[in-house]
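Colleague: Before we discuss the assignments, please show the model and state the terms on which they rest.

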Protein chains: 2
Amino acid sequence: MDERQQRDQSQDREPPPDRPTVTLSPSAEFPPMSQDELDVLRQVGRDWAAALRDRSRPLTALPLDPALGRYSSVVPPTRFGRFGRVEMFRPEAPDKLVATEPAVAAESSRGRALRRVRRAVLGPPLASAAAVQERMRKIIALPILSSDLLSSVAYGPEAMLTVLVLAGSAALGLSLPIAAVLVVLMVAVGLSYRQTIPAYPHGAGSYIVASDNLGSRLGLAAAAGLMMDYVLTVSVSVASGVDAITSALPPLRPLTVVLGVVVIAALLAGNLRGVRAAGNLFAAPTYAFVIAILMVLAAGLVRVAGRGFAPVAPPPSAAAGGIGIVLVLRAFASGAVSMTGIEAVSNAVPVFRPVEWRNARTTLTWMVSMLIVTFTGLVVLIHLEGLVPKPNETLLSQLAHHTLPNTLLYGYTQAATALILLLGANTAFNDFPRLLFFMARDGYAPRIFLHMGDRLAFSNGIITLAVTALVIFVAFHGRTQSLIPLYAVGVFLAFTLSQAGMVVHWRRKRSAHWRKSLVINAVGAVLAGLVLLTAAATKFAAGAWVVVIAIPLLILLALRVRHHYDTTGAALSLHPLPAGTANRMIPPRADGAETPRADGGENQPTAADGAGGEGEQEVQESPQEVRHLVVVPVARLNLAALRALAYAASLGQPVFAVHISPDEEEDDRFRQQWQAWGDHLRLEIIISPYRAIIPLLAHYLEALHALRPDTTLTVVVPETVVKHWWHQLLHSAAPQRLRKALRALPGVVVTSVPIHIPA
Amino acid sequence: MDERQQRDQSQDREPPPDRPTVTLSPSAEFPPMSQDELDVLRQVGRDWAAALRDRSRPLTALPLDPALGRYSSVVPPTRFGRFGRVEMFRPEAPDKLVATEPAVAAESSRGRALRRVRRAVLGPPLASAAAVQERMRKIIALPILSSDLLSSVAYGPEAMLTVLVLAGSAALGLSLPIAAVLVVLMVAVGLSYRQTIPAYPHGAGSYIVASDNLGSRLGLAAAAGLMMDYVLTVSVSVASGVDAITSALPPLRPLTVVLGVVVIAALLAGNLRGVRAAGNLFAAPTYAFVIAILMVLAAGLVRVAGRGFAPVAPPPSAAAGGIGIVLVLRAFASGAVSMTGIEAVSNAVPVFRPVEWRNARTTLTWMVSMLIVTFTGLVVLIHLEGLVPKPNETLLSQLAHHTLPNTLLYGYTQAATALILLLGANTAFNDFPRLLFFMARDGYAPRIFLHMGDRLAFSNGIITLAVTALVIFVAFHGRTQSLIPLYAVGVFLAFTLSQAGMVVHWRRKRSAHWRKSLVINAVGAVLAGLVLLTAAATKFAAGAWVVVIAIPLLILLALRVRHHYDTTGAALSLHPLPAGTANRMIPPRADGAETPRADGGENQPTAADGAGGEGEQEVQESPQEVRHLVVVPVARLNLAALRALAYAASLGQPVFAVHISPDEEEDDRFRQQWQAWGDHLRLEIIISPYRAIIPLLAHYLEALHALRPDTTLTVVVPETVVKHWWHQLLHSAAPQRLRKALRALPGVVVTSVPIHIPA
């Protein structure tokens, strides 16, 4: 909690000095220790020194030197052999080894086969050192960051008209005033984000801005909205991209779902491979798309100018219902999906060349301008041409068919549309894992999202996104217009919270012109909030309810995750010890008898009061606090059992063996064998008239532990290991079941002594 | 192999003295040791005495007394508490405990809920002492053992006519001569089994007779045939029983498959519960069925006598093909399914009262007589009444409709038929698990089939049978006549091999009248063999191919299982040691340096030549052969890691820690923490530029092991244990993955040190 609270109280620092500049790194999984923790560590260490003092240093005199680097060349790389010997480790310093690539290869033959496939698809693993932050020029950053935003015009105007046409073709004329309001909204949100960029030069994602200024819960709300947004960006962009293709090639129409699945799989593979490297190539589709739209607009304007800008009346269609305020608002909310992706630049400020915030802000201005031009142009032209949405062809395709003189240009337009939509979907594959990374760093998402894969991509986040988007895409049969109602809510929730966060930010900071900035952000927040409410209300029945329910659930889930990590952290962290109570956790002996200890049992103080509840006895932090009792369950006196017994006895700690007999006859037989062997260890026989073994052992050990919670029971289990998994079916699963049953018991350590069956 | 070979060479002893009288017992899982093995054990034990001599007996001085019985009353039964304290163990003798029923209850709440359900369905667990062999009077044994055989007449005649009718209704007249040949066959097989019973008074299952006399492979062939037979007995009897019901109540016809599934599930539950106890009750259906058939026959004979035994011409039906020798043979083979179950008495000789074999033989004679009467009577009467098979009503139902004066008697007939078929199916639930038990005892089936469940039933065999029969029943949509072609092959294979085995038996034994006995069994073998060939050939395309393929596969599987158990046995058994080479497996040191050992390392001879291959170093049978090196992988210096380090250090063996860093920065940070703690143990840091951890550790430990195969590496893994499984998703799976990766490495022992997260 400490770090969190610190952060919450530090919103006025700008940029917060405790946020590292390079935020995405492989060492994020290993956070540094606080000074307090280091102090506790020192204190614990002093107890160790006492414990190890009179052992004549057996702990450092090792039977073999683990500094493997010195003889790495004689170690064959795998048990199965290869043609040559491979250097697995290279020595860096006297006591430091560096693993080479062969050393990270999996052991088993199946693992290696899997690895070969993965390598073929994803490429060889990349070393952490390859993780460099690429800096982009504006001319490259603009198309890459704006692909999500600009691709929205491929489905945004259509989404708006699809709603209006429900009130009959006469209602289509309302598209012009609605578009005008949307342009106002675009300008307002664009201006708002222009404020945000210089305030958060290290990246101003809605999650970070909202968390910093509005507290963690609203930050999580923004994050949940963004997560929904990213998932839907992939589903909607892929669906719309497939629409662009099938509009041009109608025979492919029945394959819509298959095409979408293939595209999502390709995006998944590409992103696991790490497609960010191909930056410059990614600039092309955006420019191609902008050129295509401008071309369509120009050709269209020439056409309508030729007839004196007289609008063509749309084909009459039956009204499903009357025109009303709800329908207009719903059309407005649907058209607002054209704005999705506007937040991309503010997330990505650090990728610009210096001065980062200035370049980012300029890029944002260009982006919004291009959006306004293309969006307005398309809405006006569609109106003038009297086009209406059709189920089998997109409006953009109809318009291109209408205006462009030849098939080649039409094909180019559709291809450019499909490509920019693909690229738009791809941006979600960058942003979603990054958002989860930030959440995981704060403990709100599982830690696996911190982990960078082989190729330095956040594989787990990428896979999560692809799978979720795929499920949604398939569930909606790849129909763009069915997906639209789910889309706007998440985005505008994030917009609203981000802008509201900026309002708080300005109020607290009171830097130069803070009042003007505050007003701009407040206007942005209010407008975005209005759209949010409109979208949630008018599209609730059409599908927005999914999002309205999912967002609180995601927040709750994130809070539960955080709670669990807090509990775990508290349980595992080092607490300062009250001075002089080294082994405070040991309750007093249950019986008076002081049994002698194998290691001499020197200064074992009778310790503090045993009031501590269950689990406390586990916190044995230095060697002299550990009292051993080794238990070896023995089924038969075969080689596996003898090896386990020999292992247990060789530890030099008190040992006894347990045997469970189903009946007296077998009991006698076993006892006789034990005598023949020489009765070297104490043997306990339990007769199990009900033939159960595992629960009996667990209860027995639990009872032992309950008697003397200060003793660590080590259960040494002989385990036969076979070469093939199907051979395992022929052997008892008792060791696995025993391990599982004993996991829940405190103070019980399980040791598996393997014996390998050759075939 | 030894035991097996001994048995194969001892066929002339009669009964074989090494076969225990009570063959099914819970201690079958724990076979006794041979004298050789005991000698080796003594030899190994002498090495231990030397190893433990100068330890001032620390191994018997335990920190707490494991004789738990003395204080059982203070141990609460589970961690979750109950209302009263329960005695978990009661002391039997000073060093012997007996588990009470609460002690075998599962630990986890899910396990306990499951147990409650199981208890409700199956009843409370039974102690092993409850396994008493029930002895039956002939009047009870007859109906119980003959239900399978007699119930066959419910579908046998119909199976024959279903084939004949393919050649048109004129061909139906051939049923009389075919039935006559079948009666000859029944007499011959019956006489053959009369010979077998006194020769094998302890149970003369085909598997045992064929194994003893023809060798293990043909024994397995008989077993495979029987296994197919038992599975199909369940499927066919249930299908036919459901037919009897739906014939009487046609509206239930569409529910055929559902009814069958319910019946099989009921059989499964009943047998897991242990229905054998209800012996006397089981006698009723057979007598009821016999009475019903005799009633039908009597009424029918009165009817046909009234018209002077003039046969009614069957309704004309189109011939699907001409009458030919193949069709006649196929009809014969189909009719032969009426004989399935004839082997039941010979399997069950020990359940009779003394003199067992004489009572069994008398019962067999009665059974076969009843079979011949009912079978012949039904075939003749069906012919005289001119009945033909119909898809929606069984022939027996048609006949009963025809002959019986009122609905009540008809209903009684159908109910009795359904009940005896159910009982017939139930006998397979006794015989199949018993066969698997015998196979498992010989190492030809997985050992789980040796294990008696809670209720003293062989649960695993029962479940296997029910699942297999269910799959077949559903796959054939519960159609009796589709299942018939699969049926005869397995049965007659077992008959043939069993009788052929008896021929060999008589030739070897040459007791009184051996020539006569030999001839009878030879005739039986030849006739059964002819039926086998006929069935396999004529019904091959109709479905017998499944069985023809499955039987060799089952034999192969059994041989593979045996091979694996032989390999395992050889690897785990105690081999005699050459005198004076106590630690023969330790190869010479790789380097000259003699590192000091913690336990004093007294007389460590430099041992024999290290030519032994991989895996040999595992065979350390006495404590002084074990050299320790303890390795603790440490991810962060938290409480879990410190506990693992403290545990490792407290063992008093050489210890070092390994840390894997993704990069240099993290490496330095960790080293700094290690220094703050006090640098008490040697630390190895490996830098993993590719961020992999588990395979790297596995390779590192493998390399260490390769350098000094005589050293046992103990890897102490800290493992966080959470209360709920879904919390596990929030934690690294590294301990589990590490354990899996290290399983394959020889000489590596894995120790899990748990730390429990409270919530």
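Modeller: A residue is buried under 20% relative accessible area, exposed over 50%, and partly exposed in between (1.4 Å probe, protein chains only). This is a predicted model, in which local features need pLDDT of at least 70 and side-chain atom pairs count only at pLDDT 80 or more, whereas totals for chains, interfaces and linings use all residues. Side-chain values use heavy atoms, without hydrogens and water, residues are numbered from 1 along each chain as its sequence is written, and chains are lettered from A and ligands numbered from 1 in the order written.

Colleague: What makes Arg708(B) and Asp710(B) a salt bridge?

Modeller: Their closest N and O atoms are 3.4 Å apart; a salt bridge requires a side-chain nitrogen of Lys or Arg within 4 Å of a carboxyl oxygen of Asp or Glu, so the pair qualifies. Arg708(B) and Asp710(B) are both buried. In chain A, salt bridges with shared partners connect Arg303(A), Arg307(A) and Glu385(A) into one network.

Colleague: How do you know that Arg307(B) and Glu385(B) form a salt bridge?

Modeller: The closest N and O atoms of Arg307(B) and Glu385(B) are 3.9 Å apart, therefore within the limit of 4 Å. The pair links distant parts of the chain, 78 residues apart: Arg307(B) is in the loop between α10 (279–306) and α11 (325–335), and Glu385(B) is in helix α13 (residues 356–385). Helices (H or I, at least four residues) and strands (E, at least two) are DSSP runs, numbered from the N terminus.

Colleague: Why is Glu385(B) called buried, and what is Arg307(B) called?

Modeller: Glu385(B) has a relative accessible area of 3%, which means that it is buried. Arg307(B), at 30%, is therefore partly exposed.

Colleague: Which classes do Glu665(B) and Arg669(B) fall into?

Modeller: Glu665(B), at 52%, is exposed, whereas Arg669(B), at 17%, is buried. These two residues form a salt bridge, with closest N and O atoms 3.4 Å apart. Both lie in helix α21 (residues 664–677) of chain B, four residues apart, about one turn of the helix.

Colleague: What makes β2 of chain A and β5(B) a pair of strands?

Modeller: Strands pair if DSSP finds at least two bridges between them. Strand β2 (residues 96–99) of chain A and β5(B) are joined by three bridges and run parallel, so they pair. Within this pairing, Lys96(A) has Ile685(B) as its bridge partner. Strand β4 (residues 655–661) of chain B also runs parallel to β5(B), with six bridges, and Phe656(B) stands opposite Arg682(B).

Colleague: What makes β5(B) mostly covered?

Modeller: In strand β5 (residues 682–687) of chain B, five of the six residues are buried.
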